[in-house]
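Hello,

I am passing on a structure for you to look at. My notes follow below it.

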Amino acid sequence: MPTPTTDMAYFNGGFTPLAEANINIKTHAFLYGTSIFEGIRGYYRAETNDMVLFRANCHYKRMLANAKIFYLQPALSLDDLCAITTELITRNQPQTDTYIRPTLYKTGVNITPRMDTTDTAFCLWTHPLGNYLDTTKGLNVCVSNWRRVDDNAIPPRTKAGGAYMNTALMVTDSRQMGFDDAIALNHDGTVSEGSAMNLFLIRDNTLITPGNTDNILEGITRDSIMALAANELGLATQQRTVDRTELYMADEAFFCGTGAQVAPIGHIDNRPVGDGTPGPIAKQLQALYFKAVHGHLPQYQHWCTVVPYTASS
Ligand SMILES: Cc1ncc(COP(=O)(O)O)c(C=O)c1O
């Protein structure tokens, strides 16, 4: 869906038409990938004409924690970032599910790839986004032959702009080979996550996901899934190192992330996961997740920021 031309963005410390929010081609972040970003979802509710922002403050907390690693020094506080986001949604009033993309980036035009002496800027825009991956059929995925970047190379627990070259290689090559997406292994051959989403397996009714020190993004959806599984299904999650062959022996598997939401996996490297269709636990967690993100589970309202639209929208 094309972005409406009337869309506003936050850029250079103020709200401006998206079409005019442009950077210099010598910008440090453009040259070296020196940025960190977040992806936040807004779910439009036609029945109440408002938008639910899902765990926006958690995304900004992660962004501010990531920022320290890369000498990104935002002039904005957590509250400022949340307020700017709410205001942008209020201004744009998108009447569809929306992806909200904040970026902190090195805005200087100096050539040296040094981060501590380069200014930091913040920008924010919105884009219509339905399903990033199919959430219904059981995805057909491969194990990527590209390895995940390492904590001591470009830390994958950050959403560092430059690190998404690694993701892009996995997505591009898996799709060229006819798969829906890819699973990334670490250099030691253990499992990290999907190309741009976290991964859960179910073996013998146990929920398993690679641990925080397995070169994963410490995903907010992953955290939400673990809470929903524990509180609503009585299922604890094992966070631990996962071997490649566990992928092939799993009863169920699914990806999760802000973009991916909860996307069951049907086949891995041409081997069926379970019977090759979405499994019962994945389906239950998916249903709970979709209720939670729309603000329909009272016990998880604290995850939701409701942005009401004006009557004229
Ligand atoms: C590499 C990677 N892993 C995992 C995730 C999932 O994280 P979250 O649930 O916080 O969106 C993302 C982003 O969506 C990602 O880019």
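**Domain contact and aromatic pairs**

Domain 1 and domain 2 bury about 1600 Å² between them, with 61% of that on carbon and sulfur atoms. On the domain 1 side, F37, F54 and R62 lose the most area to domain 2. Together they account for 34% of what that side buries. The contact takes 18 residues from domain 1 and 20 residues from domain 2. Please keep in mind that this is a predicted model.

The bounds come from the domain assignment of the protein: 8-128 for domain 1 and 139-293 for domain 2. Their C-alpha centres lie 26 Å apart.

Next, the aromatic rings. The count comes to 10 aromatic pairs. One of them is F37 with Y164. Their ring centres are 4.8 Å apart and the planes stand at 70°. An angle over 60 degrees counts as edge-to-face, so this pair is edge-to-face. F37 lies in strand β3 (residues 35-37), and Y164 lies in helix α4 (residues 164-176). The pair therefore ties together parts that are 127 residues apart in sequence. F37 is buried, at 9% relative accessible area. Y164 is partly exposed, at 24% relative accessibility.

F54 pairs with W303. Here the ring centres are 5.7 Å apart and the planes are at 85°, so this pair is edge-to-face as well. F54 sits in strand β5 (residues 50-54). W303 sits in the loop between α7 (280-293) and β17 (304-308). The two residues are 249 apart, so the pair links distant parts of the chain. Both F54 and W303 are buried. They also belong to one aromatic cluster, formed by F54, Y289, F290, Y300 and W303.

Two arginines lie over ring faces. R271 is over the face of Y248, at 4.3 Å from the ring centre. R175 is over the face of Y132, at 6.0 Å from the ring centre.

Last, helix α7. An α-helix has 3.6 residues a turn, so residues three or four places apart point the same way. Just after α7, G295 takes a positive phi of about 75°.

Best wishes

How values were computed:
Residues numbered from 1 in each chain as written. Predicted model: local features only at pLDDT ≥ 70, side-chain atom pairs only at ≥ 80, totals over all residues. Heavy atoms only, no water. Phe/Tyr/Trp six-rings, centres within 6.5 Å; stacked < 30°, edge-to-face > 60°. Helix = DSSP H or I, 4+ residues; strand = E, 2+ residues; numbered from the N terminus. Buried < 20%, exposed > 50% of the residue type's maximum accessible area, 1.4 Å probe, protein only. Lys NZ or Arg CZ within 6 Å of the ring centre and 35° of its normal. Domains from an automatic or database assignment. Contact = heavy atoms within 4.5 Å. Buried area = accessible area lost by both parts, 1.4 Å probe.
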